[in-house]
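Here's a quick tour of a structure, written for someone who likes cut-offs spelled out. Have the viewer open and follow along.

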Amino acid sequence: MQLIPNIGLRTLKTALAIFLCLLIFPGEPFFACMTVIFCVQNTVNESIKAALTRSLGTIIGGFMGLIFLCLCRLVRSMDLPAYPTKILVYMFIAIGIMLTIHCFNLLKRPSWINIGCIVFLAVTTANADKAPLYYTLNRIIETLFGMFVGLMVNRFITPPAKE
């Protein structure tokens, strides 16, 4: 009976890349670490493709979220009753999701839709109380950093065999 399971190289490289992200982004490492998980793939080419999908989806989704967060804040500042304000904000977020998906479809990048919508929602709902531009740029920078770390670890630490 084996006490220590065989741990694959991709697993070790993913853990190393996450460790590096945690060292550099100790305050808010989630998006950088999540990007590493997407980017460390079986081959370097697969990693590059995943990194581009993650990064460009994040950039577009983040900026779409920023635009709609500003619209939502405008609605909140109109001094309307609470319930109608909430309904209007939710409608704006739903319209924003539709436009974000449509944008990716127009770009012929359906593989970017999921991550773009997740970032859109992170900006408009999960952290809507923070400074919009700061939060959006922080998410993008964190994601790009995670992409870079994941690619570098996968490329330079025992790179996978050529495809």
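## Ground rules

Helices here are DSSP runs (H or I, at least four residues), as are strands (E, at least two), and both are numbered from the N terminus. This is a predicted model, so to speak of local features a pLDDT of at least 70 is needed, side-chain atom pairs count only at pLDDT 80 or more, and totals for chains, interfaces and linings use all residues. Residues are numbered from 1 along each chain as its sequence is written, and side-chain values use heavy atoms, with hydrogens and water left out.

Ser55 sits in helix α3, residues 44-76. Is Ser55 buried or exposed? With a relative accessible area of 3%, Ser55 is buried; the scale is buried under 20%, exposed over 50% and partly exposed in between, using a 1.4 Å probe and protein chains only.

Setting aside neighbours within four places in sequence, Ser55 touches Thr143, Leu144 and Met147. Contact means heavy atoms within 4.5 Å.

## Helix α6, end to end

Helix α6 covers residues 132-156, 25 residues in total. The expected span is 1.5 Å times one less than the number of residues.

Arg155 belongs to α6 and is partly exposed, at 36% relative accessible area. In sequence Arg155 and Val44 are 111 residues apart, yet their C-alpha atoms are 6.1 Å apart in space. Just after α6, Thr158 takes a positive phi of about 45°.

## A salt-bridge network

How many salt bridges does the structure hold? There are two, where a salt bridge is a side-chain nitrogen of Lys or Arg within 4 Å of a carboxyl oxygen of Asp or Glu. One joins the side chains of Glu28 and Arg139, at 3.1 Å from N to O. Glu28 lies in the loop between α1 (9-24) and α2 (30-39), and Arg139 in helix α6, so this pair ties together parts 111 residues apart in sequence. Glu28 is partly exposed at 34% relative accessibility, whereas Arg139 is buried at 1%.

Arg139 also forms a salt bridge with Glu142, and here the closest N and O atoms are 2.3 Å apart. Both residues lie in helix α6, three residues apart, about one turn of the helix. Glu142 is buried, with a relative accessible area of 1%. Through shared partners, the salt bridges join Glu28, Arg139 and Glu142 into one network.

## Aromatic rings

Searching the whole structure turns up four aromatic pairs. One of them is Phe104 with Trp112, an edge-to-face pair at 6.2 Å centre to centre with 80° between the planes. Rings of Phe, Tyr and Trp (its six-membered ring) pair if their centres lie within 6.5 Å; planes under 30 degrees apart count as stacked, over 60 as edge-to-face and the rest as tilted. Phe104 counts as buried at 0% relative accessibility, and Trp112 counts as buried at 12%.

## A nonpolar surface patch

Met78, Leu80, Tyr83, Ile87, Leu88, Tyr90, Met91, Ile95, Met98 and Leu99 make up a nonpolar patch on the surface, with about 980 Å² of accessible area together. Patches take residues with over 30% relative accessible area and no salt bridge, joining like charges within 9 Å and nonpolar side chains (Val, Leu, Ile, Met, Phe, Trp, Tyr) within 5 Å. Accessible areas come from the Shrake-Rupley method with a 1.4 Å probe; for residues, only the protein chains shown count as cover.

Tyr90 from this patch lies in helix α4, residues 82-106. Tyr90 is partly exposed, at a relative accessible area of 49%.
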